[in-house]
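Colleague: Hi, I'm new to this one. Could you walk me through it?
Modeller: Happy to, let me bring it up.

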There are 6 protein chains.
Amino acid sequence: MKFKQLKDPLLYDGSQIEPMWAFKNFNIKGSSLITWIGPMNIHKDEIIDYEDVSLEIKADEMLHFIIEHYDCQPADLRLCYHRQRIFVTIIKDILDLFGLDIQRNGDDLFFNEGKLSVSIATCSASSMKIHFGVNIKTEGTPAEVQTAGLMDAIEGIDHDMILEIAQKVCKAYKNELISIEEDIYKTRVF
Amino acid sequence: MKFKQLKDPLLYDGSQIEPMWAFKNFNIKGSSLITWIGPMNIHKDEIIDYEDVSLEIKADEMLHFIIEHYDCQPADLRLCYHRQRIFVTIIKDILDLFGLDIQRNGDDLFFNEGKLSVSIATCSASSMKIHFGVNIKTEGTPAEVQTAGLMDAIEGIDHDMILEIAQKVCKAYKNELISIEEDIYKTRVF
Amino acid sequence: MKFKQLKDPLLYDGSQIEPMWAFKNFNIKGSSLITWIGPMNIHKDEIIDYEDVSLEIKADEMLHFIIEHYDCQPADLRLCYHRQRIFVTIIKDILDLFGLDIQRNGDDLFFNEGKLSVSIATCSASSMKIHFGVNIKTEGTPAEVQTAGLMDAIEGIDHDMILEIAQKVCKAYKNELISIEEDIYKTRVF
Amino acid sequence: MKFKQLKDPLLYDGSQIEPMWAFKNFNIKGSSLITWIGPMNIHKDEIIDYEDVSLEIKADEMLHFIIEHYDCQPADLRLCYHRQRIFVTIIKDILDLFGLDIQRNGDDLFFNEGKLSVSIATCSASSMKIHFGVNIKTEGTPAEVQTAGLMDAIEGIDHDMILEIAQKVCKAYKNELISIEEDIYKTRVF
Amino acid sequence: MKFKQLKDPLLYDGSQIEPMWAFKNFNIKGSSLITWIGPMNIHKDEIIDYEDVSLEIKADEMLHFIIEHYDCQPADLRLCYHRQRIFVTIIKDILDLFGLDIQRNGDDLFFNEGKLSVSIATCSASSMKIHFGVNIKTEGTPAEVQTAGLMDAIEGIDHDMILEIAQKVCKAYKNELISIEEDIYKTRVF
Amino acid sequence: MKFKQLKDPLLYDGSQIEPMWAFKNFNIKGSSLITWIGPMNIHKDEIIDYEDVSLEIKADEMLHFIIEHYDCQPADLRLCYHRQRIFVTIIKDILDLFGLDIQRNGDDLFFNEGKLSVSIATCSASSMKIHFGVNIKTEGTPAEVQTAGLMDAIEGIDHDMILEIAQKVCKAYKNELISIEEDIYKTRVF
């Protein structure tokens with residue numbers, strides 16, 4: 001599973017959830033984890049979650065993760081949502097190390113009752129994709145939702161620290177999936 | 001997903017990980033979650049984890065969970081281990097509510113560097129099974145492993161409280177899987 | 001599996017076979033069975049059966065069923081066609097209760113050598129869809145095909161009776177699928 | 001799908017449901033449908049339906065069908081039970097041609113409230129198996145169950161007619177599965 | 001698996017890799033193998049291999065094969081690429097009979113260090129597709145690639161001989177897949 | 001995919017085809033390729049190919065390969081036999097480099113009409129296994145079969161050269177599977 005951290009800000013407009021985005025844009029072949037800091041403003045045509053169709057989904061600054069998995073052929077949306085949940089618990093546990101009390105509900109994280117994150121998973125016939133975004137600031141988030149941001153939650157946090165968190169999350173997620181495969185190798189089945 | 005709490009102690013000897021154990025013993029049809037308090041002493045022939053073949057796996061008193069899933073046909077061991085991980089994070093989060101600082105590593109929980117739990121997943125062609133056991137006391141656990149128990153970790157905890165924890169864990173796990181299915185229902189795919 | 005009977009007539013133009021139609025139009029999440037009375041005139045772009053590409057597929061009044069299944073991930077068109085066949089035999093058996101002698105050939109029903117029904121199944125990566133339409137009248141059906149309608153077959157039948165039939169069919173189909181799952185739960189595998 | 005009618009009576013003792021029985025006994029390679037007339041007395045160790053574990057499953061004379069499918073890899077018990085249901089509706093429809101009023105409930109057929117049939121499906125990792133048995137006489141069937149037999153239901157029926165029915169059922173089942181595959185070939189998917 | 005040899009030249013423009021092309025154009029239902037001689041010039045919108053997006057993929061005269069498989073539901077791109085590799089080794093072995101020394105690297109064939117072939121595989125939810133094209137002449141192939149053609153490699157070869165080769169390749173591929181299925185039928189699994 | 005060459009001779013008695021043999025004997029976790037030189041004499045209880053049940057399967061000295069794959073969950077015997085065919089073509093191509101004219105028929109290799117190899121594939125719910133054995137000498141092979149051995153085919157070949165061949169085969173097979181995965185990563189699907 002390849003890891004890449006984008007240095008420059010990139011608008012998350014929903015096109016990044018399309019299959020093979022990492023290959024088409026960065027020539028990354030295979031399962032990958034791309035992370036960067038940037039705003040979010042999802043184009044209507046790119047909405048994956050039909051519940052969100054009439055909502056604004058935006059923020060001025062978020063930490064983004066785009067994950068693509070090719071190991072399961074054909075792709076399995078159920079497995080993908082299980083991985084999303086595992087990813088969310090990993091990011092929660094790493095934020096908890098900062099002494100935060102983050103709450104998780106499904107694929108959402110909350111800090112002080114403010115929504116800290118957005119996430120979606122989807123698939124094509126051959127790959128599974130996950131987007132996870134964490135608000136850095138609450139600026140630019142939809143007015144009708146109570147939101148929270150990493151900068152509210154962790155005093156003195158800066159971009160470097162956020163990128164370090166991102167790196168830790170990616171490493172832990174990758175290791176988690178490796179440990180799952182390793183558990184398969186030692187298991188007697190019936 | 002059916003839930004059952006056994007009132008009487010039951011030795012976990014490994015036979016409970018066999019497919020359809022809940023049906024054969026309690027006439028429970030379909031996906032289920034069974035929980036009880038009892039000792040553990042796994043019979044050599046029932047060992048699922050080939051790394052454990054030469055080890056003693058035992059404890060005088062544990063909180064046991066046996067999960068069986070039939071929703072995925074044919075059964076998929078990889079999906080099953082993803083569910084196991086989700087289960088472990090759920091139990092960790094619920095124990096954290098008691099102010100504990102539980103560490104997770106793969107499918108293991110640790111308290112104060114003592115191993116608090118054992119777990120395995122397996123499958124047959126038609127069902128997926130998970131066993132998760134949490135030490136209540138450290139008595140009877142293998143001498144060569146540093147272990148921890150709920151009674152060390154949570155002062156004043158008793159069987160009723162433990163059964164309540166078990167119930168909360170089961171409910172949260174069931175709700176998590178429902179929320180995953182519900183996410184599938186709203187997702188546009190490519 | 002959710003069931004909904006639409007009160008108002010709705011033209012079946014083929015768009016209803018698209019994945020997630022029930023969710024996008026009626027906010028129904030998950031596997032569902034929607035039934036209504038209405039005309040049919042399938043838009044060329046919505047044709048699923050490539051054998052029908054140059055045909056008119058239309059009728060002035062039909063009883064429509066739209067089924068969506070999410071239980072199997074990834075969706076399996078073969079399983080879906082098996083379910084379609086089971087659905088057709090169920091509707092046949094329920095119409096037989098009226099003393100009719102309905103003939104089935106694959107996914108087609110015939111009454112007195114007149115084609116009584118149209119049906120198609122399809123899938124996306126995450127859901128399986130079935131449309132089944134039964135002619136109520138023969139008016140408006142293609143001139144080059146010998147057709148039959150429920151109103152020819154069952155003297156004195158009216159819309160209320162037809163909706164009752166629809167409800168029985170849906171209930172029987174849902175129970176059939178439940179009984180299949182329950183058979184899985186009790187089966188020893190090799 | 002190969003078809004074979006055994007001329008000599010054969011006791012159905014449950015061993016015939018094991019994977020590859022047709023290959024090991026008749027050198028039949030691949031998906032097959034074997035039919036014969038003979039008694040039934042299922043050996044305890046061969047019971048597939050755990051609900052039947054404490055029951056006697058026997059009859060003096062039945063028409064037996066053993067089906068094996070290899071087309072779906074890995075084998076899928078859910079698909080197999082769908083096929084079993086389709087098989088049961090086919091045999092019902094063919095018996096109905098004799099003017100009988102057979103009732104179906106899941107995988108059971110009833111005549112005059114007497115149980116006419118037994119059936120089970122199962123699978124290994126690579127093949128799916130179905131047994132279907134129809135009572136010819138009620139002699140030898142368990143005392144505690146109300147049973148029926150083809151000889152009660154169809155006056156003057158003899159072994160030749162029964163074998164002819166068997167042949168028709170097998171041909172119709174085979175054609176049904178072919179028609180399902182052919183429907184796949186013409187279907188646009190999303 | 002149906003086989004068809006097109007008599008007239010046909011431009012391979014990439015549209016032939018779309019699912020159900022054989023059905024829509026030749027009314028061929030089910031798995032099929034179509035072969036013909038013709039030029040190649042792939043339309044940008046039809047490019048399947050994202051590595052080729054900025055390349056010219058063209059030749060004045062090639063032997064083309066289009067394969068479609070429906071046996072595996074849902075379609076599996078991984079299996080499809082395994083079949084592509086088997087196809088390539090078969091064509092290599094048949095060309096070797098002419099005394100050529102063809103080299104294979106993945107899905108590419110080389111003669112005297114010249115690229116002799118192009119190939120791609122893809123799938124929809126319900127079918128798996130393979131295109132394989134062998135240069136007959138090097139005329140019209142991209143200037144920046146060293147290419148080879150059958151007419152360079154095999155002295156005196158003409159269209160009739162090439163079509164005969166095509167027929168042998170198709171027959172051998174079909175037999176290979178049949179032999180794989182037959183191996184499944186005789187295999188004990190665990 | 002891990003590779004291990006056993007230094008000491010080992011009798012292939014069929015037990016090596018069992019799932020997880022590499023893990024239980026050499027602590028190798030995950031997909032692996034084990035190769036060694038040794039005799040073969042398959043114990044009746046270990047026969048996987050039911051066609052071989054009444055045959056002697058033995059040889060005094062063979063080059064053995066045991067392959068285990070865990071990447072596909074649940075394991076798929078059809079995919080496994082495709083991999084076996086790819087493996088056989090790879091070994092054929094590498095032997096051809098010695099100027100041999102090896103013939104392949106399904107999973108069998110022949111030299112001068114003598115059977116050079118034996119092979120089988122099988123699977124459990126979680127892993128896929130392949131055994132491939134090449135005769136080094138014809139001594140000890142069944143009298144009723146015409147056999148060939150590497151020592152007849154390649155003058156002056158010795159154990160070191162054979163082990164080198166084995167290494168090349170394993171490397172080429174591993175690279176082939178990697179190249180298949182890489183092709184998936186660049187493929188647009190429908």
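Modeller: Let's begin with a term: a salt bridge is a side-chain nitrogen of Lys or Arg within 4 Å of a carboxyl oxygen of Asp or Glu. This is a predicted model, where local features need pLDDT of at least 70 and side-chain atom pairs count only at pLDDT 80 or more, while totals for chains, interfaces and linings use all residues; side-chain values use heavy atoms, without hydrogens and water. Residues are numbered from 1 along each chain as its sequence is written, and chains are lettered from A, with ligands numbered from 1, in the order in which they are written.

Colleague: Okay, how many salt bridges are there over all chains?
Modeller: The count comes to 84.

Colleague: Can you show me one? What does D:Lys186 pair with?
Modeller: D:Lys186 forms a salt bridge with C:Asp49, and their closest N and O atoms are 3.0 Å apart. D:Lys186 lies in the segment after helix H4 (159-185) of chain D and C:Asp49 in the loop between strand S2 (32-41) and strand S3 (58-69) of chain C, so this pair joins two chains. Helices (H or I, at least four residues) and strands (E, at least two) are DSSP runs, numbered from the N terminus.

Colleague: Is D:Lys186 buried or exposed?
Modeller: Buried, at 10% relative accessibility. C:Asp49 is buried too, with a relative accessible area of 7%. The cut-offs are under 20% relative accessible area for buried, over 50% for exposed and partly exposed in between, with a 1.4 Å probe and protein chains only.

Colleague: And which residue does C:Lys137 bridge to?
Modeller: C:Lys137 forms a salt bridge with C:Glu61, with 3.8 Å between the closest N and O atoms. That pair links distant parts of the chain, 76 residues apart: C:Lys137 is in the loop between strand S8 (128-135) and helix H3 (150-153) of chain C, and C:Glu61 is in strand S3 of chain C. C:Lys137 is partly exposed at 34% relative accessibility, whereas C:Glu61 is buried at 11%.

Colleague: Now a charged residue without a partner. Where is B:Glu46?
Modeller: B:Glu46 sits in the loop between strand S2 (32-41) and strand S3 (58-69) of chain B. B:Glu46 is buried yet has no salt bridge, and the nearest side chain of opposite charge, A:Arg188, is 4.7 Å away. For charge, Lys and Arg count as positive and Asp and Glu as negative, while His and the chain ends are not counted.

Colleague: What is B:Glu46 in contact with?
Modeller: Leaving aside neighbours within four places in sequence, B:Glu46 is in contact with A:Arg188, B:Asp13, B:Gly14, B:Ser15 and B:Glu18. Contact means heavy atoms within 4.5 Å.

Colleague: Do chains B and F meet through the same or different surfaces?
Modeller: Different surfaces, because only 12% of the interface residues of chain B are also interface residues in chain F.

Colleague: And what turn relates chain C to chain D?
Modeller: Chain C can be laid on chain D by a turn of 180° and a shift of 0.0 Å along the axis, with an RMSD of 0.0 Å. The two copies are thus related as by a two-fold rotation axis. Here 100% of the interface residues of chain C are also interface residues in chain D, so these copies meet through the same surface.

Colleague: How far apart are chains B and E?
Modeller: Chain B and chain E do not touch, and their nearest C-alpha atoms are 10 Å apart. Chain C and chain F do not touch either, with their nearest C-alpha atoms 10 Å apart.

Conventions. Least-squares fit on C-alpha atoms with pLDDT ≥ 70 in both.
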